[in-house]
Amino acid sequence: MGSESMASYKSSTGILIFLLISLLDSSLIVSCTASKFYQEFDISWGNGRGKILNNGDLLTLSLDKASGSGFQSKNEYLFGKIDMQLKLVPGNSAGTVTAYYLKSSGNSWDEIDFEFLGNLSGDPYTLHTNVYSQGKGDREQQFRLWFDPTADFHTYSILWNPKLIIFSVDGKPIREFKNLESIGVPFPKKQQMRIYSSLWNADDWATRGGLIKTDWTRAPFTASYRNFNADACIWSSGRAACSSKNSWLWKQFDATSFQRLKWVQKNFMIYNYCTDTKRFPLGFPPECSVNM
C-alpha cells in the first residue's frame with residue numbers, strides 16, 4: 001500500500017473508531033466501575049417508598065398522595081465527576097419532579113441541580129438545571145431531551161472542579177458554568193457536598209406553571225436509578241482526598257466539546273436566565289457575559 005493510500009486508510013480508520021466510540025451507550029462505560037447502592041447511599045425519607053433492589057444494583061423512588069421519597073450519599077465530596085443513570089416516571093407524570101443534585105449544608109449553601117419536570121402523557125419532560133453559590137441561585141437553564149427519558153436508562157453527569165461545572169447527558173455537554181470569581185461571581189469550591197435525589201409532588205409549579213395537576217389515580221409514580229459512579233474527592237477528617245490522576249480535576253472545554261454544547265443549546269434549550277429581559281430589565285447578571 002502506497003504512503004498516500006496508507007495515510008488515507010489510517011485517517012478513515014481513525015474516523016470510524018471515533019464514530020464507534022461516540023455511538024457507544026454510555027451505560028457500557030459507567031457500569032464498569034458502578035458502585036452498589038447500599039454501599040454509597042442511605043434512603044433518607046419516604047417511609048419505605050425508596051428501595052434498594054437487585055443486590056444493590058438498582059434503586060427506586062416512588063411517590064403517592066401521602067408522600068414522596070429520597071436518598072442521600074454516605075460520603076461528602078469536594079469536586080468530582082458524578083455519573084448516575086436514571087429512568088424517569090413514565091406516562092402521565094404531570095406535577096411530579098425527580099431531583100438529582102449536589103448540595104452542601106448551612107444557610108449559605110452551594111448546590112448543583114438536575115431536576116426533571118414531569119408532563120402529560122406524550123408531552124416531553126423539561127430538564128431544569130441550576131447552580132447555587134453561597135445560597136444564591138436563580139441561574140436556571142431548561143432543556144428538552146432528544147430522547148424519551150422514561151423508555152430506558154440514560155446517564156446524567158456533573159463534572160465539578162475548581163474552574164468549571166459541566167452538566168452532561170449521555171456524555172453530551174448541555175451546560176457549562178465557569179468560575180468567574182475574578183468578576184465577583186461566587187463559585188462553589190469551598191463547601192463539601194452530598195449527592196441527593198428525591199421524587200416529590202410539585203404540582204403548584206412544575207408542569208405549565210402549575211396549571212396541570214398531579215393525577216393521583218395513576219400513583220404510585222416510580223423513578224429508577226442504576227450504575228452510579230463517583231470519580232471524586234471524598235471529604236474526610238476536614239479535608240478532601242484527591243489524586244493527581246483525576247483527569248477531570250483539570251478538565252476544560254476543548255473545541256469539540258464546545259461545538260457539542262452549542263449544538264445542544266441551539267436545538268434543545270427552551271429557557272436561559274441570561275436572555276430573560278423581563279426578569280432582568282436592568283441588565284443581566286455579570287456571569288451572563290461568559291456563561292451562556
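Mentor: We begin with pLDDT, which is the predictor's confidence in each residue, on a scale from 0 to 100. This is a predicted model, in which local features need pLDDT of at least 70 and side-chain atom pairs count only at pLDDT 80 or more, while totals for chains, interfaces and linings use all residues. Residues are numbered from 1 along each chain as its sequence is written, and side-chain values use heavy atoms, with hydrogens and water left out. The protein chain averages a pLDDT of 87, and 87% of the residues score at least 70, whereas pLDDT stays under 50 over residues 1–32. Where pLDDT is low, the predicted coordinates should not be read in detail.

Let us look closely at His128, which belongs to strand β8, covering residues 126–132 (a strand is a DSSP run of E, at least two residues, numbered from the N terminus). His128 has a relative accessible area of 10%, so it counts as buried (under 20%, with exposed over 50% and partly exposed in between, using a 1.4 Å probe and protein chains only). Leaving aside residues up to four places away in sequence, His128 touches Asp113, Phe114, Glu115, Leu117, Glu140, Gln141 and Gln142, where contact means heavy atoms within 4.5 Å. With one of these neighbours, Gln142, the side chain of His128 makes a polar contact, side chain to side chain, at 2.9 Å; such a contact is a pair of N or O atoms within 3.5 Å, and within protein one must be able to donate a hydrogen and the other to accept it, while residues adjacent in sequence count only if both atoms are side-chain atoms.

Note on methods: Helix = DSSP H or I, 4+ residues; strand = E, 2+ residues; numbered from the N terminus.
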